[in-house]
Amino acid sequence: MWLNFIFALIPIIWLVVALGVLRMAADKACTIGLIITIFLAIVAFKLPAVDTFTGALEGIVMGIWPIVYVILAALFTYNVTTKSGSMRTIQDMLSGITTDKRILVLIIAWGFGGFLEAVAGFGTAVAIPAGILIAFGIDPIKASVVCLIANTTPNAFGAVGLPVITLANLTHLKLMPLSLIVTLQLLPLVILIPFIMVTMIGGSVKAIKGVGLTTLMSGLSFGLAQIVAAKFIGAELPAIVGSIASILVTILMARFQGEKDTEVLKTIPKHSPAALFKAWSPFILIFVIVLLASPLVKPINTALAKVATNFNIYTGANAAPYTINWLSAPGTLIIIAAIIGGTIQGLSISTIFKTLIETAKTIWHTLITVCAIVALAKVMGYSGMTQSLAVTLVAIMGPFYPLIAPIIGALGTFITGSGTSANILFGNLQLQAANTLQVSSYWVVSSNVVGATAGKMMSPQSIAIAAAATKQEGQEGQILKAATKWCGLYLGIICLYLYGTGLLLNYL
């Protein structure tokens, strides 16, 4: 057990050292990490070579579809909006609300980013807001890290509740209670994150002065709206409802708090409702189209899901067919929204498709990084490396296991870049541990979801997306280093809070 645990740690240690210490480019670090993992899977974990390579191939295909496809779609949406001049209109609108960058970060990275994570996921919440923040004069590295921090808690229910729905199906726990407990566990973090963002953008804790109430309400409105949606609707809408509530409340609070440069505000152009609708049309369409295609509208969702291709890639035991959903994939829906939105904004079809091709040419490094890291995750999963890590942690911790349950969720997201994948990897393990220890299965299983939000902040996949969106390819190590201290604080709070409240619940 111990030898397997040490071997299974090697790929993770390599990624941390290569990205954080050596500051190696993510595409090179992840490719080398994949080679190391393949070697260990064959030699140390005795996975047949054919199964190892087909498992890696499945990861590469998954990296392309849907993950890189969604990254392409998100950047394409941003580039279309920029080329049409509508991004300037959006900036004018947001700048007309406030000139205070602390509040702008809450609106764009926290509220708007949370909305994008809720309706699309797969990196859109980092890619699009980070680009907008740079346009407001925020340093690219700082914009990247702020968006990574903001993309933590909304990831629990993005996209359209998929991570929690998947976990409920996997563990056979009831969806509504599980959704509610996740929102309750997230509440302190949802309140804390806006304060961390304001502190970071302002350079110190003193930055909270003058916008403390706005920051509090920005998080509180998000968290309480999530709880209500989870209680009465389910897993599909908490993050959507929470993000919209946060945007509206933050804009309202901006009237009373924050720095206001009246002279600067006078110079900002005012736009008609029609012009604002035109500028926001791609994002409005993303919301409408993704919502219509989601499980909330079952007839459309079912019809779109039928347009799919199934084929086998992995050759090992219990291999499941790989499915490509051509029409219901978030990338397809976002590209459709961007094309329609681009025409509304006045661009020709030829210009729109030229922009799509230009965007595709800029993400080669991201393509290599994402494909390598997902392939690495697949090989770790199929070979038993991931399971070895988790099982050993359970054996070590015993009755204190719930204290580190969120860390296992974070580990899953760090490796895979996906909260859904982290829940698939470790959901049943968390359930088995809870049953063995005779503690609340809902509480421990939900801890996996909440812990997974921490791992999202430092996932090489997320960092690669942030670097690509801010044109900082090659600076992934710097972004990782800046995010590490915040991730440590965040994960520490999760572990202590959930363990303490879990003990209290069991005592009561």
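Begin by selecting helix α4 (residues 86-97), where Arg 88 and Asp 92 both sit, four residues apart, or about one turn of the helix. An α-helix has 3.6 residues a turn, so residues three or four places apart point the same way. Bear in mind throughout that this is a predicted model. Show the two side chains, and you will find a salt bridge between Arg 88 and Asp 92, with 3.3 Å between the closest N and O atoms. Arg 88 is partly exposed because its relative accessibility is 48%, whereas Asp 92, with a relative accessible area of 7%, is buried.

Next, select Asp 100 and Arg 102, whose side chains meet in a salt bridge at 2.6 Å, N to O. Are these two residues buried or exposed? Both Asp 100 and Arg 102 are buried.

Now select Lys 83 together with Glu 358, another pair whose side chains form a salt bridge, here at 3.3 Å from N to O. This pair links distant parts of the chain, since Lys 83 belongs to helix α3 (residues 49-83) and Glu 358 to helix α16 (residues 349-360), 275 residues apart. Glu 358 has a relative accessibility of 35% and therefore counts as partly exposed; Lys 83, at 41%, is partly exposed as well. In total, the structure holds four salt bridges.

One member to pick out is Leu 292, which is found in helix α13 and counts as partly exposed because its relative accessibility is 40%.

Move on to helix α23 (residues 476-507), whose 32 residues should span 46 Å at 1.5 Å a residue, and whose end C-alpha atoms are 45 Å apart, so the two values agree. Centre the view on Thr 484 to see a kink of about 35° in α23.

Finally, zoom out to the whole protein chain, which contains 23 helices and two strands. Its C-alpha atoms fill a box of roughly 65 × 55 × 50 Å along the principal axes, and 57% of its 508 residues count as buried. A compact globule of 508 residues would have a radius of gyration near 23 Å, so the 22 Å of the protein chain agrees with that expectation.

Terms used: Residues numbered from 1 in each chain as written. Predicted model: local features only at pLDDT ≥ 70, side-chain atom pairs only at ≥ 80, totals over all residues. Heavy atoms only, no water. Buried < 20%, exposed > 50% of the residue type's maximum accessible area, 1.4 Å probe, protein only. Expected span 1.5 Å × (residues − 1). Bend = angle between axes of the 7 residues up to and from the residue. Rg over C-alpha atoms; globule rule 2.2 N^0.38 Å.
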